[in-house]
Amino acid sequence: MNRPTTILTLTVLAGAALTPALARERNCLQPEPRTTSGPVEFRPSSIEPWGGQNALQNDPNAQPGTQPDAEPQPAATVSPRVEVVFVLDTTGSMGGLIEGAKQTIWSIANAIATGEPHPDIRMGLIGYRDRGDAYITTATNLTDDLDAIYSDLMSFEAGGGGDGPESVNQALHEAITTISWSEDREVMRLVYLVGDAPPHMDYQNDVQYAESCRIAAERGIIVNTVQCGGDPQTTTIWQEIARSAEGEYFAIAQDGGVAVIATPFDDQIATLGAELGQTVVAYGDAEAQRVQQDRRDRAEELDAAAPAPAAAERAVYNASGAGRANLLGSQELVADLAEGKVSLEDIPEENLPENMREMTLPEREAYVEQQATRRGEIQTQINDLARQRQTFLDEARAEAAGEGGFDQRVVEALRRQAARFGIEYRKQK
């Protein structure tokens with residue numbers, strides 16, 4: 001196959017399987033115990049930003065489109081962005097909520113991804129306890145690498161606390177002022193403060209919640225509050241925080257009220273998700289390939305450790321348009337060739353993955369084309385199964401109708417608030 005034909009084939013295949021992702025700054029911080037009340041310091045990831053402007057969206061909710069070159073078209077619109085930071089109480093009484101969050105973080109990501117237009121998604125995470133505990137706060141900065149968020153969330157365990165109030169003030173202030181939020185006012189920026197106890201109001205050198213809410217409102221960051229349990233002092237303060245920062249208040253059961261529903265499709269989707277990850281072809285210098293290898297190792301660990309429903313949700317996310325950045329990382333050969341960013345002839349042999357170095361150029365082209373074809377096939381299979389799975393979930397939830405838990409309340413608030421930013425969500429069944 002000659003080179004122009006190969007590039008055209010790759011473009012079509014990648015276009016059917018992937019969606020645009022804006023080039024963005026990637027900031028990922030691994031959680032570290034903190035025993036002082038000083039500010040969080042973030043260490044930016046070494047991964048370079050990337051994006052693809054020529055690919056089409058492919059997710060379970062996508063509608064068939066028309067060819068973009070049928071007639072002159074206006075300039076492509078930029079995908080909206082949604083940035084979400086979860087601020088979670090991780091003291092001893094929050095074990096149920098933490099386990100529920102681990103089970104549902106991917107379903108929340110998938111719900112966010114169904115917005116129209118399809119948004120790019122970045123998430124961050126702050127866990128908090130109290131002074132004198134193993135840590136006061138532990139943080140993962142905003143990133144489109146949701147595997148990093150999930151991995152850090154999986155490390156959370158309930159512990160500490162014991163005296164009632166917690167270091168809510170510090171956690172909320174860090175969420176508003178030290179997370180690397182986008183400055184663009186068109187970006188939807190959300191904080192979900194989740195806990196069961198009020199803040200300590202007697203700590204020295206502490207920025208109290210009223211000031212943090214003022215800053216949030218000034219910067220256009222919406223703060224939603226989710227109360228676990230029924231402590232009346234927490235209710236009063238959580239409602240005040242939500243009102244002051246243009247958010248919403250919810251009360252849920254102490255254990256988080258999360259109902260995880262297993263489906264007959266989970267195992268097959270999870271298996272396909274692991275196969276999808278095997279289509280990623282990393283390239284670049286030694287450091288770039290090391291970073292990609294670390295991502296691949298972590299993905300394999302998550303594939304093996306995640307419960308079937310969570311693994312299925314993760315696979316659905318990775319197969320969707322919004323999941324492109326999480327699946328591919330940076331300097332991924334199949335996508336970059338399809339988008340014309342590189343050519344195989346120009347890549348030094350040592351910058352190719354080891355299994356491609358001894359191949360001839362035609363063999364390299366055939367291998368990349370094979371990976372692109374397989375990727376598209378797997379994504380189609382996942383999307384078909386995801387539709388069947390969603391029907392099963394809708395019916396199961398309709399039969400077990402209740403007030404809803406952590407995951408449902410998060411999505412409910414997001415759906416209502418997204419309209420302010422021009423993002424539409426279909427009404428849940």
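The following legends describe close-up views of a predicted model.

**View 1. Packing of helix α9 against helix α12.** Helix α9, spanning residues 308-319, packs against helix α12, spanning residues 361-399, at an angle of about 130°. The two axes lie 10 Å apart. Because of this angle, α9 is classed as oblique to α12. The crossing in which α9 passes α12 is left-handed. On the α9 side, the contact is formed by Pro-309, Ala-312, Glu-313, Ala-315, Val-316, Asn-318 and Ala-319. The α12 side contributes Gln-379, Ile-382, Asn-383, Ala-386, Arg-389 and Leu-393. Sorted by class, the residues of this contact comprise 8 nonpolar, 3 polar and 2 charged.

**View 2. Packing of helix α2 against helix α3.** Helix α2 covers residues 95-113 and helix α3 covers residues 146-154; their axes come within 10 Å and cross at roughly 165°. The pair is therefore described as roughly antiparallel, angles over 145 degrees being counted in that way. The handedness of the α2 and α3 crossing is right-handed. Ala-101, Lys-102, Ile-105, Trp-106 and Ala-109 represent α2 in the contact, and Leu-146, Asp-147, Tyr-150, Leu-153 and Met-154 represent α3. The contact of α2 with α3 consists of 8 nonpolar and 2 charged residues, with no polar residues.

**View 3. Packing of helix α2 against helix α13.** Helix α2 also crosses helix α13, residues 406-418, at roughly 35°, and the axes come within 8 Å. This crossing of α2 and α13 is right-handed. From α2, the contact involves Leu-97, Ala-101, Thr-104, Ser-107, Ile-108, Ala-111 and Ile-112. From α13, the contact involves Phe-406, Asp-407, Val-410, Val-411 and Leu-414. The class composition of the contact between α2 and α13 is 9 nonpolar, 2 polar and 1 charged. Ala-101 of α2 takes part in this contact and also in the contact with α3.

**View 4. The largest cavity and its lining.** The model contains 7 cavities of 30 Å³ or more. Helices α7 (266-277), α8 (286-305), α9 and α10 (324-328) each provide at least two lining residues. The largest share, 7 residues, belongs to α8. By class, the lining of the largest cavity divides into 5 nonpolar, 7 polar and 7 charged residues.

**View 5. The second largest cavity and its lining.** This cavity has a volume of about 100 Å³. Its lining is formed by Gln-103, Thr-104, Ser-107, Ala-259, Val-260, Ile-261, Pro-309, Glu-313, Arg-389, Leu-393, Arg-397 and Asp-407. Helices α2, α9 and α12 are the elements that supply two or more residues to this lining. The lining of the second largest cavity has 5 nonpolar, 3 polar and 4 charged residues. Pro-309, Glu-313, Arg-389 and Leu-393 line the cavity and belong to the contact between α9 and α12. Likewise, Thr-104, Ser-107 and Asp-407 line the cavity and belong to the contact between α2 and α13.

View 6. Most residues other than glycine have a negative phi, and most peptide bonds are trans. The peptide bond joining Glu-116 to Pro-117 is cis, with omega near -5°. Pro-117 is located in the loop between α2 and β2 (120-128). Asn-205, although not a glycine, has a positive phi of about 55°. The loop that holds Asn-205 runs between β4 (188-195) and α5 (209-219).

How values were computed: Residues are numbered from 1 along each chain as its sequence is written. This is a predicted model: local features need pLDDT of at least 70, side-chain atom pairs count only at pLDDT 80 or more; totals for chains, interfaces and linings use all residues. Side-chain values use heavy atoms; hydrogens and water are left out. Axes are lines fitted to C-alpha atoms, for helices over the stretch in contact, and angles run from 0 to 180 degrees between N-to-C directions. Helices (H or I, at least four residues) and strands (E, at least two) are DSSP runs, numbered from the N terminus. Angles under 35 degrees count as roughly parallel, over 145 as roughly antiparallel, 65 to 115 as roughly perpendicular and the rest as oblique. A crossing is left-handed if the near helix is turned anticlockwise from the far one by less than a right angle, and right-handed if clockwise. Contact means heavy atoms within 4.5 Å. Ala, Val, Leu, Ile, Met, Phe, Trp, Tyr, Cys and Pro count as nonpolar, Asp, Glu, Lys and Arg as charged, and the others, Gly among them, as polar. On a 1 Å grid over the protein atoms alone, a cavity is a set of points where a 1.4 Å probe fits but cannot get out, and a pocket is an open set with protein on both sides within 12 Å along at least five of seven lines; lining residues have an atom within 4 Å of a point. Grid points are joined across faces, edges and corners, and a volume is the space filled by probe spheres set on the points.
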